[in-house]
Amino acid sequence: MSTLRERYLAMDGATVIQDITTMNPIKQQLIEKCKEHCSYSYSPYSNFAVGASLLLESGEIIGGSNQENASYPLCICAEKTALAAASSFYPNTGILSIAVTAFKKGEFVEDPISPCGSCRQFIAEYAQRYQQPLEIIMYGTNFTVSIDSIYKLLPFSFEAKDFQ
Ligand SMILES: [Zn+2]
């Protein structure tokens, strides 16, 4: 059984980063923003605080966090709150990258977490809307991984053309 790191190393379009200080400074800022947004999470039920951040074409960085509800199915993922915020404040600005991480039991996750299936579909909508591949960056204290396109995580998304 291979480790998560080994699986990403073997994955087309994935780059495993051991030291984030070697990354482009704007990507480092993006990662810092998703970490910061873990502290704004409202997750009293799971105690699993997720932060997401988006890099827009304008250079602006927008964050979001998971928002839970006593009625569990209503919980909203961090990726979705960030995307909804960006699309609400800057509806005509493309999104280049999304970063995500989580904080639990007093520390950031060791292995990076990836967007859930529902978020992958949600992200793909904006990739299509802005005609961008939309890079996914997942931060963990063991390693960070960048996937060059949401379509690598969701190869067969449901799309607008399916309505036609
Ligand atoms: Zn999700």
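Let's start with strand 7, residues 144-147, which is covered on both faces. Thr 144 and Ser 146 sit on one side, Val 145 and Ile 147 on the other, and all are buried. As background, side chains in a regular strand alternate between the two faces of the sheet. Keep in mind that this is a predicted model.

Now, the partners of strand 7. Which way does strand 1 run against strand 7, parallel or antiparallel? The two run antiparallel, joined by four bridges. Strand 1 covers residues 14-17. Look for Ala 14: opposite it stands Ile 147 of strand 7.

Strand 6, residues 135-139, also pairs with strand 7. That pairing is antiparallel too, over four bridges. Here Tyr 139 faces Thr 144 of strand 7. How many residues does the hairpin between strand 6 and strand 7 use? Four residues make the link.

On to the helices. Take helix 3, residues 78-89, and helix 4. Their axes come within 9 Å and cross at roughly 20°. An angle under 35 degrees counts as roughly parallel, so helix 3 and helix 4 are roughly parallel to each other. Their crossing is left-handed.

Which residues meet there? From helix 3, we have Glu 79, Lys 80 and Leu 83. From helix 4, we have Cys 119, Phe 122, Ile 123 and Tyr 126.

Stay on helix 4, which spans residues 117-130, and find Arg 129. Is Arg 129 buried or partly exposed? Count the other C-beta atoms within 10 Å: there are 14. A buried residue needs 20 or more, and an exposed one has 12 or fewer. So Arg 129 is partly exposed. Along the chain, Arg 129 and Ala 160 are 31 residues apart.

Finally, the whole chain. There are five helices and seven strands. From the N terminus, the order reads α-β-α-β-β-α-β-β-α-β-β-α. The C-alpha trace spans about 45 × 40 × 35 Å along its principal axes. A compact globule of 164 residues would have a radius of gyration near 15 Å, and this chain has 15 Å, so the two agree.

Two last numbers. Of the 164 residues, 34% count as buried. And take contacts between residues at least 6 apart in sequence: 61% of them join residues at least 24 apart.

Definitions and conventions:
Residues numbered from 1 in each chain as written. Predicted model: local features only at pLDDT ≥ 70, side-chain atom pairs only at ≥ 80, totals over all residues. Rg over C-alpha atoms; globule rule 2.2 N^0.38 Å. Contact = placed C-beta atoms within 7 Å. Pairing = 2+ DSSP bridges. Axes fitted to C-alpha atoms, helices over the stretch in contact; angles between N-to-C directions. Parallel < 35°, antiparallel > 145°, perpendicular 65-115°, else oblique. Left-handed = near helix turned anticlockwise from the far one by under 90°.
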